[in-house]
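These are my notebook entries on one model. I set down what I looked up, entry by entry.

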Amino acid sequence: MAFDYEKYLRPGKLPHIWCPGCGHGIVMKGLIRAMDSLKIGTKNTAIVSGIGCASRLPGDMDSCTLHTAHGRAAAFATGVKMAKPEMNVILVGGDGDGTAIGGNHFIHACRRNIDMTYIILNNKIYGMTGGQFSPATPTGAKASTTPYGNPDPAFDIAKLAIGAGATFVARGTAYHAAQIDKLIAEAIQHKGFSVVEILDDCPTTYGRRNKFKSVIEMMNHLKETSVPVKAAEKMTAEQLQGKVLTGVLYKEERAEYTTEYAKVIERAQAK
Amino acid sequence: MSKKVAFLQGNEAASHGALYAGCNFFAGYPITPSTEVAEVMSAELPKIGGKFIQMEDEIGAMAAILGAALAGSKVLTSTSGPGLSLKQELIGYGCIAEIPCVIYNVMRGGPSTGMPTGPSQSDVMAAKWGTHGDHPAICLTPASVQETYEEVIRAFNLSEKYRTPVMVMPDEIVAHMRERIVFPEKGEIEVVPRKTPTVPPEQYKPYDTSFGDVPPLAAYGTGYKFHVTGLNKMPDGFPTTKAEVVQAEEERQVRKVDANVDDIVTFEEYLLDDAEIVVVAYGSTSRSARYAVNAAREQGIKAGMFRIKTFWPFPDKQIKALAQKAKGFIVPEMNLGMCANEIERNVQGKAPVLGIFRVDGEPINPDQIVEKIKEVK
């Protein structure tokens, strides 16, 4: 029997806003399968986003959904989680939203290790505003605001998360659809701040400016440039040139923020 | 039983007022001259099982209280001028998404970093016009430590009653001076609870106007699944660009305050019955004004004071009534004429409006006001 996605979606809200060929829908389906596999339910799950194409994802999900302001998802979500630590809190957003205007909230959520899962849909561009370069746009790439090629270096978002203190960091791609739900499920189960970066495509505002002839070519590019961490162990530095690693990149157990705050309450009340 | 009495600073009193009102969540960022509020809340909230979090920046603090409010908490943040500028982005979010919250802003010199330890009253227009777009605004300007305590409670009540952000804005003098405060007994001051839904989750709409201009607000994690956005929205919370819906919703949001001005606006009339000269003052400046009015009376001048307690919505009706008989208005304030402009808007040329404007970090003293009163004669 085919998987029933509809029980996690709000009736009457589809179609979503995404363009044909955009990988965001693949990620949304992955999230739904992950939630279903964990049986975490929808009533006790908050899905929080910022602004941008990816940030429209919560509106279609039948949960407690919060579409905040540009870049602010992690800070709003921190308030939700602190107020109700028993809730599952999932953040969804794009690369620009999360690492440019929301960069400060992002790194501090990582540092606190507050028990939330942040799914970053990295399509390397500001899609909703028409294709301006983001902190994840490769150097040299064309965007509507880099007509002569992008002079900026790009963030490695997974490395940024690890450096800032996230205790679970994984990366997948929109091409590897079957892996997405497994990465997200493992991230949600992890006690602490988990980041799942999904490399995605934006045929409309990135692909056509950067000589991708079709969505298929963009998807194949995601496939060809990614290497599972396990496979990478057997590869030489030369072979890994220009490749990105996928899978669970980092995992550690460290004190979780709301648990630590519960101890603060205990200490305050013991006085 | 005698009441509990203390000798407190305005900022400390504000914190205890919030706790009396049932505040159980605080998010903030350190900033002079309001940091004492964060310090008190960090110590007191965990004692009652509440939550305190110091966020990475002012915007993050505003975001965290809005998130916590949607999860059912009664929330407070505190800040000062530069922080208020940063928070404006999400104060607008609180207005359009209709999330109850209290913003305690201590007014210091500005613009920008200005004079962090100097008193000012120059944020009063930012309280109304700081965030972009049309939106409701409620701003209270207490003048004593006791009043700061009570006005913070009232701010919580108004934010719940009208489901909107409310600002309390003492100037730095009120925030940092120490005075005797008498704590009310539990139950002595009314605490307004949040209006929560009476309909089952499947029928709930977060902006359902069939319940009036202020629809009930559910909390996340209580079985109610609903959508909240900063976009113009429909009664069910989902975005819309439908012209008639956007127009009606925008008008309703503003009407929540505009149609209830008499419930919200508070003021004090001091010796106004026969007054020819009306001094309009607020915050610490009103303390000098009261002294000046007394001094003028001793010299045979019929002066009185209209003390603004609720700056927004502005007491238009009261000022218009005073303009019918007053020979002149004096407006002392620690900015370059923000309140005076509002007075002129209401007086409409019926009497002269003379300002005493100081932005040098020094308080306005009574002598300056007495001199100005004499100028009208």
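Is A:T137 buried or exposed? I find A:T137 buried because 27 C-beta neighbours lie inside 10 Å; a residue is buried if 20 or more other C-beta atoms lie within 10 Å of its own, exposed if 12 or fewer, and partly exposed in between, with C-beta atoms placed from the backbone.

**Conventions.** I note that this is a predicted model, in which local features need pLDDT of at least 70, side-chain atom pairs count only at pLDDT 80 or more, and totals for chains, interfaces and linings use all residues. Residues are numbered from 1 along each chain as its sequence is written, while chains are lettered from A and ligands numbered from 1 in the order in which they are written.

**Confidence.** For the complex I read an ipTM of 0.97 and a pTM of 0.98 from the predictor. Chain B averages a pLDDT (the predictor's confidence in each residue, from 0 to 100) of 97, and 99% of the residues score at least 70.

**Surroundings of A:T137.** I placed A:T137 in the loop between β6 (132–133) and α6 (157–164) of chain A; helices (H or I, at least four residues) and strands (E, at least two) are DSSP runs, numbered from the N terminus. Leaving out residues up to four places away in sequence, A:T137 touches A:K124, A:I125, A:A143, A:N150, A:D152 and A:A154; contact requires C-beta atoms, placed from the backbone, to lie within 7 Å. I also looked up A:G23, 114 residues from A:T137 along the chain, and the two C-alpha atoms are separated by 17 Å.

**Strand β3 of chain A.** How many residues of strand β3 (residues 88–94) of chain A are buried? I count 7 of the 7, so the strand is largely enclosed by the rest of the structure. A:N88, A:I90, A:V92 and A:G94 point one way, and A:V89, A:L91 and A:G93 the other way. In a regular strand the side chains alternate between the two faces of the sheet. Strand β1 (residues 45–49) of chain A pairs with β3(A) in the parallel sense over 5 bridges, pairing being scored if DSSP finds at least two bridges between two strands. Here A:S49 stands opposite A:V92. β3(A) also pairs in the parallel sense with strand β4 (residues 117–122) of chain A, over 5 bridges, and A:L91 has A:Y118 as its bridge partner there.

**Sheet of chain B.** I traced an open sheet of 7 strands in the order β3-β2-β4-β5-β9-β8-β15, with mixed pairing. β3 (51–54) and β15 (310–312) stand at the edges with a single partner strand each, so one side of each is left without a neighbour in the sheet. Strands β8 (residues 139–140) and β9 (residues 165–168) of chain B run parallel and are joined by 2 bridges; B:L140 is partnered with B:V168.

**Domains of chain B.** The domain assignment, which comes from an automatic or database source, gives domain 1 (1–264) and domain 2 (266–376). Taken over C-alpha atoms, their centres are separated by 28 Å. I find 24 residues of domain 1 in contact with 21 residues of domain 2. Elements giving two or more residues to the domain 1 side include β7 (115–119), α5 (124–129) and α9 (261–264) of chain B. α5(B) gives the most to that side, with 4 residues.

How values were computed
Contact = placed C-beta atoms within 7 Å.
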